[in-house]
Amino acid sequence: MLSNNPDKSGPQAGLKGKVAIVTGGGRGIGREIALALAAQGANIVLVDVDEKTLKEAEAEVSARGGSALGGKAMSIKADVTSSADMEKLADEAMAKFGSIDILINNAGITRDNLIMRMKEDEWDKVLTINLKGTFNCTKAVSRYMMKQRSGRIVNIASVIGIAGNVGQANYAASKGGVIAFTKSAAREFAPRNINVNAVAPGFIQTAMTDVLKEDVKSKMMERIPLARLGTPKDVADAVMFLVSDASSYITGQTIVVDGGMVM
Ligand code: NDP
């Protein structure tokens with residue numbers, strides 16, 4: 001079993017030589033996933049729209065992978081909503097590293113509002129980044145994975161895409177869409193030895209949830225049987241399982257990481 005906990009067990013070389021693309025890798029859950037992949041020696045391609053966080057993440061990820069296991073990191077400022085950006089990203093990753101073994105579709109946003117008040121733009125933005133972005137990047141990367149006849153794709157969905165939530169109809173639709181997309185992609189790519197799965201986090205402590213009001217946060221806490229908020233590492237741990245050899249017979253599934261909130 002692979003370990004991604006460098007603090008406890010030291011660096012593991014389980015992904016040495018593999019190449020992983022992480023969208024929305026500049027901060028939060030994406031950065032944590034990139035760090036976990038780097039800790040096992042993978043070469044990392046970080047993708048984000050925010051250049052500042054992207055450069056910070058690149059330095060941190062390089063230090064984690066490069067110093068211990070020789071893995072390299074590069075960052076590309078790109079928007080997942082642009083299919084041209086995603087094609088270019090896949091080409092650049094191939095040119096630099098020679099393969100793409102892992103894709104983590106993590107970039108995502110919220111624009112919460114009640115349906116009655118939701119503006120068309122709030123609907124469109126969330127669906128375009130969260131759902132179309134996942135399609136764009138998967139399509140671009142799958143060209144290469146299909147030729148390689150191997151690959152792992154992990155899509156970051158949300159428990160809201162399973163259970164729904166007041167004020168998040170756009171987000172719920174996008175993440176429910178990601179789960180359905182995951183199943184279709186898993187069926188399409190299985191003959192080429194490409195596994196496609198999703199991770200559905202619950203309430204994870206990041207910039208995305210920091211903005212929530214205290215009363216909203218404490219209401220959420222009441223619904224979590226394990227009685228704590230999740231951390232980006234909780235999500236990264238599930239992702240690491242899905243990119244490891246230990247999950248080679250699993251595809252089209254969604255692993256819920258939410259402390260038991262939705263069951
Ligand atoms: P963050 O907002 O902290 O990070 C998301 C990153 O994605 C940001 O750096 C953001 O850049 C980037 N991004 C946004 N739009 C684009 C785009 N068009 N192209 C490329 N990058 C983009 O969010 P989290 O780390 O909390 O969330 C990561 C994923 O996990 C998301 O898909 C989210 O929906 C999902 N998730 C999060 C949960 C949570 O509780 N935090 C719960 C369930 C799911 P910028 O800062 O410029 O917007």
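The side chain of Asp258 reaches the backbone nitrogen of Gly260 at 2.9 Å, a polar contact, that is, a pair of N or O atoms within 3.5 Å, one able to donate a hydrogen and the other to accept it, where residues adjacent in sequence count only if both atoms are side-chain atoms. A polar atom of that side chain also lies 2.6 Å from the backbone nitrogen of Val262.

Before I continue, a note on the basis. This is a predicted model, in which local features need pLDDT of at least 70 and side-chain atom pairs count only at pLDDT 80 or more, while totals for chains, interfaces and linings use all residues. Residues are numbered from 1 along each chain as its sequence is written, and side-chain values use heavy atoms, with hydrogens and water left out.

Asp258 is in the segment after β7 (254-257); strands are DSSP runs of E, at least two residues, and helices runs of H or I, at least four, both numbered from the N terminus. Which side chain of opposite charge is nearest to Asp258? It is Arg223, 8.0 Å away. Asp258 is thus without a salt bridge, although buried. A salt bridge here requires a side-chain nitrogen of Lys or Arg within 4 Å of a carboxyl oxygen of Asp or Glu. Lys and Arg count as positive, Asp and Glu as negative, with His and the chain ends not counted. Buried denotes under 20% relative accessible area, with a 1.4 Å probe and protein chains only.

I turn to Met240, which belongs to helix α10 (residues 232-243). Met240 counts as buried because its relative accessible area is 5%. Between Met240 and Val262 there are 22 Å, C-alpha to C-alpha, and they are 22 residues apart in sequence.

Methods: Buried means under 20% relative accessible area, exposed over 50%, partly exposed in between (1.4 Å probe, protein chains only).
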